[in-house]
Amino acid sequence: MYRLAPLALLGLILAGCSTVENGIPPEEAATTPGAGAAASPAAETPLVVPPLASLPDSPTRPLAGRFQRVNFSDIPAWRDDDLAQFWQVFLRNCKGLMRPTSGNLTLPARATPRAWQPVCAAAIDASRRPVATDAESVRRFLQTYLQPWRLLAPDGKPASNMVTGYYEPLVRGSRVQGGLNQWPLYAPPKDLLTIDLGSIYPELAGKRVRGKLDGKRVVPYDTRAELENNPARRPPALVYVDDPVDNFFLQVQGSGRVLLTDGPDAGKTIRVAYADHNGQPYVSIGRWLVDKGELTADQASMQNIRAWAQRNPQRVREMLNANPAVVFFKEEAVTDPEAGPRGAYGLSLTARRSIAVDTSFVPLGTPVFLGTSWPGTDRPLDRLVFAQDTGTAIRGAARADFYWGYGDAAGQMAGRMKQRGQMWILWPKQAGEPSAR
C-alpha cells in the first residue's frame, strides 16, 4: 500500500519503493478494526454517522505544515475535474472518518472525526445530499460544506513536492512449489515479535522494532538470506510465484493479485495483502546491480532487471539476497475486481482517487485537491483525491504517491510518474484549520 512503487522509474528503482516503511509496506495496513483498519471491505457496509455527542475524541496531534485559507476560485482547474463518479468514493471515505480514533501514536495521524461528523451527516441526509451522478450537484455540496486550505511548507511558502505513482500488480503462481513456481510469498512467522518502544520509553512514542527471541534476548529477525539458507526457519508459503523479479517487486508494492495456474484453484485470482515484515532495512536490487557493474544507472529499470535475471539464473538468489528485507502476506478474496487493496486507512483504494501522503502534514481521510501533471508530460492532472495511504519514502509537505489502479496499463502509468505537485486541503467549514488525531 499501502505500499507500491513506480517500477520502471529509475530514481525510485534505485532508491526503493515510494510508499514503504524502510522499503517495506506500512504496518498500519494490518492494524485491528477501530485502530485504523476495517474488518472487511468498507464498500460492503452502509455509511452510519453517529450523533456528535456519542463520537469520542482523543488528544490532538500536531501537524508539521501550515495552511492558508483560500477560495475555491483560487484552486487551479477546480471546476475541470469530472465528479460524476466521485460521490460513492466520498461516502466510502466518510466511513473511515466516522471511526473513533484510538490515540495510539504508533498509527498514522487521522483527520479529526468530530470535525467531519456534520459533513458526513449531511451526506446521508436526503434533504441535503447531492444527486450522486450529477457532477455539478456534487461540486455544490462540497463548496457548501467544505473550506479549501492551501498546504504550505513549514517556512510558510506554498508547498511543492514530488508526486509518484503506484498500482496493484498481477503475477502468476501456484499454492504448490514446482516447475517455474519457485519463488515464495510467505505468511507471517509465528515467532516474529513486534515491540512498541513508546510503551517502554515515552520519548520513543510511535517507534516499533521487530525481532525474535534468542534465549532471553531479543535479536533482529532473520534476513532474506538467512531464511533462504535455513529451510527449518522459513515461514509457511501462501503461494509460489513463477518469476523472481515479479515476486520481488510485489513485495516492494506490498500487495498484489496472483493468478493461480494449477491445482484445484487453477484460473482463480487471489489477493495477497501486506501482513507484516521482518524489520530488516530495504536494499534496492537495482542499486546492487549498478554497484556490481552489471547495469548502468540509466539501465536499472524493472524490465532490464528481469532481463538480467533471465541471462544470469545462477545469480538470481545472490541478487535477491542483497536485500535483507522480507514482506509477509495474508490471503484475501477478490470480491470486487474494481476495488484496490486496503491502504493504511483501512479502506480499499480507488483508482485515480487515492493517494499516499505524509500524515505529519496531511492526516489520513482528508480530501485533497492535487495539482500535478500526467506521467512524463506537462499536461495538467488536477484531481480531487483522498489521503488513504502512507509510506516512509513519502515525506514532506505535498509529497504524494498517486494510486493508478490494477493491471499492466496502471503499472505503465505508475512507472513513468515522477512529477511536481501542490495540494489544497478541503476541510469542514465549521471546524477551522485542518487538525489530526
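Trainee: Is strand β11 (residues 269-277) mostly buried or exposed?

Mentor: Bear in mind that we're looking at a predicted model. Strand β11 has nine residues, and eight of them are buried, so the rest of the structure largely encloses this strand. That makes the answer: buried.

Trainee: Which residue of β11 is the bridge partner of Arg 257?

Mentor: Start with the strands: β10 (residues 255-260) and β11 run antiparallel and are joined by five bridges. Follow Arg 257 across to β11 and you land on its bridge partner, Arg 271.

Trainee: And what stands opposite Asp 276 in β12?

Mentor: β11 also pairs with strand β12 (residues 327-333), in the antiparallel sense, over seven bridges. Look across from Asp 276 into β12 and you'll find Phe 328.

Trainee: Okay, on to the inside. How many residues does the largest nonpolar core have?

Mentor: In soluble globular proteins, nonpolar side chains tend to be buried together. Here, Phe 90, Trp 116, Leu 142 and Met 423 have the most contacts inside the largest core. Met 423, for one, touches residues beyond its neighbours within four places in sequence, including Trp 149, Ile 355, Phe 369 and Ala 398. The size of that largest core is 71 residues.

Trainee: How many residues are in the second, separate core?

Mentor: Tyr 282, Ile 285, Leu 289 and Ala 309 are among its members. The count for this second core is 18 residues.

Trainee: How far apart in space are Gln 117 and Pro 51, C-alpha to C-alpha?

Mentor: Along the sequence, 66 residues separate Gln 117 and Pro 51. In space, C-alpha to C-alpha, the distance is 7.8 Å.

Trainee: Why are α6 and α8 called oblique to each other?

Mentor: Helix α6 (residues 244-253) packs on helix α8 (residues 302-311) with the axes 9 Å apart. Angles over 145 degrees would count as roughly antiparallel, and 65 to 115 as roughly perpendicular. The angle here is about 140 degrees, so the two helices are oblique.

Trainee: How many charged residues does the contact of α6 with α8 have?

Mentor: From α6 come Val 245, Asp 246 and Phe 249, while α8 brings Met 302, Ile 305, Arg 306 and Ala 309. By class, five are nonpolar and none is polar. The number that are charged is two.

Trainee: What is the phi of Ala 398?

Mentor: Most residues other than glycine have a negative phi. Ala 398 sits in the loop between β15 (380-389) and β16 (400-406), and counts as buried because its relative accessibility is 2%. Its phi is positive, near 70 degrees.

Definitions and conventions:
Residues numbered from 1 in each chain as written. Predicted model: local features only at pLDDT ≥ 70, side-chain atom pairs only at ≥ 80, totals over all residues. Heavy atoms only, no water. Buried < 20%, exposed > 50% of the residue type's maximum accessible area, 1.4 Å probe, protein only. Helix = DSSP H or I, 4+ residues; strand = E, 2+ residues; numbered from the N terminus. Pairing = 2+ DSSP bridges. Core = buried A, V, L, I, M, F, W, Y, C linked by side-chain atoms within 4.5 Å. Contact = heavy atoms within 4.5 Å. Axes fitted to C-alpha atoms, helices over the stretch in contact; angles between N-to-C directions. Parallel < 35°, antiparallel > 145°, perpendicular 65-115°, else oblique. Nonpolar A, V, L, I, M, F, W, Y, C, P; charged D, E, K, R; others polar.
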